[in-house]
Amino acid sequence: MPNYLLGVNSLDDFRSFIYWDNYKELIQTEINELKKVKNDIQSFAFVGTGPLPLSPLLLKRELGAKMTCLDIDEQAHSLGRRIVQDLDKEGDSDYILNDGALHDYTEFDLVWIASLVPNKEEILERIFQTNPHATVAIRSVDGIHQLLYEPVDATKFSKVGCEEVGRTIADSFIINSTIYYTFK
């Protein structure tokens, strides 16, 4: 186990991480909105998981669903995969080094796309090609939070027939907003 993970045996051991409460609040807000859109999630993919996969791990815990993490960056993939392997006690999660625009989403009820993923349009097109019944959650930002992340430009999604079916709103504690889409 890497040195920075010494003493981390469960997801709750991240409580001392400075952004832990923000992540938990973000996930709970997202889950509350997701339940209005889609209630029964058996499996989900999280695109752009990064080296510290707190969001997908918290989602897995809250949804009780099979999780697949995707990242295109080799170092982020290597670090994140180790954390998932160490903390996923059920052992039913996958951590894949792949561009989200090339992945096959056939088996997923839900696909989550992280804020920092640059090629959201291509990924959305690929989801539509491989699973037009999936619900897609895309993290974005509003207002002053755009200084940290680039907001989602839904006008770029015109090639894919999708419609917004839900949205969370950021506040002073939660940086991200999340937009939910389904395909027409």
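Trainee: Where is Lys 60 found?

Mentor: This is a predicted model. In it, Lys 60 is part of helix H2.

Trainee: Is Lys 60 buried or exposed?

Mentor: Buried means under 20% relative accessible area. Lys 60 has a relative accessible area of 10%, so it is buried.

Trainee: Which residues does Lys 60 touch?

Mentor: Set aside residues up to four places away in sequence. Lys 60 then touches Phe 44, Ala 65, Met 67, Asp 88, Glu 90, Asp 92 and Ser 93. Gln 42 and Lys 60 are 18 residues apart in sequence, and their C-alpha atoms are 10.0 Å apart.

Trainee: At what angle do H1 and H2 cross?

Mentor: H1 covers residues 20-37 and H2 covers residues 54-63. Their axes come within 10 Å and cross at roughly 50°. The two helices are therefore oblique to each other. Their crossing is right-handed.

Trainee: Which residues in H1 meet H2?

Mentor: On the H1 side, they are Trp 20, Tyr 23, Lys 24, Ile 27, Gln 28, Ile 31 and Leu 34. Their partners in H2 include Leu 54, Leu 58 and Arg 61. By class, this contact has 9 nonpolar, 2 polar and 3 charged residues.

Trainee: How many residues are in the largest nonpolar core?

Mentor: In soluble globular proteins, nonpolar side chains tend to be buried together. Here the largest nonpolar core has 48 residues. Tyr 105, Ile 113 and Ile 127 have the most contacts inside it.

Trainee: What is Tyr 105 in contact with?

Mentor: Leave aside neighbours within four places in sequence. Among the contacts of Tyr 105 are then Ala 45, Val 47, Leu 70, Ile 123 and Ile 127.

Notes:
Residues numbered from 1 in each chain as written. Predicted model: local features only at pLDDT ≥ 70, side-chain atom pairs only at ≥ 80, totals over all residues. Heavy atoms only, no water. Axes fitted to C-alpha atoms, helices over the stretch in contact; angles between N-to-C directions. Helix = DSSP H or I, 4+ residues; strand = E, 2+ residues; numbered from the N terminus. Parallel < 35°, antiparallel > 145°, perpendicular 65-115°, else oblique. Left-handed = near helix turned anticlockwise from the far one by under 90°. Contact = heavy atoms within 4.5 Å. Nonpolar A, V, L, I, M, F, W, Y, C, P; charged D, E, K, R; others polar. Core = buried A, V, L, I, M, F, W, Y, C linked by side-chain atoms within 4.5 Å. Buried < 20%, exposed > 50% of the residue type's maximum accessible area, 1.4 Å probe, protein only.
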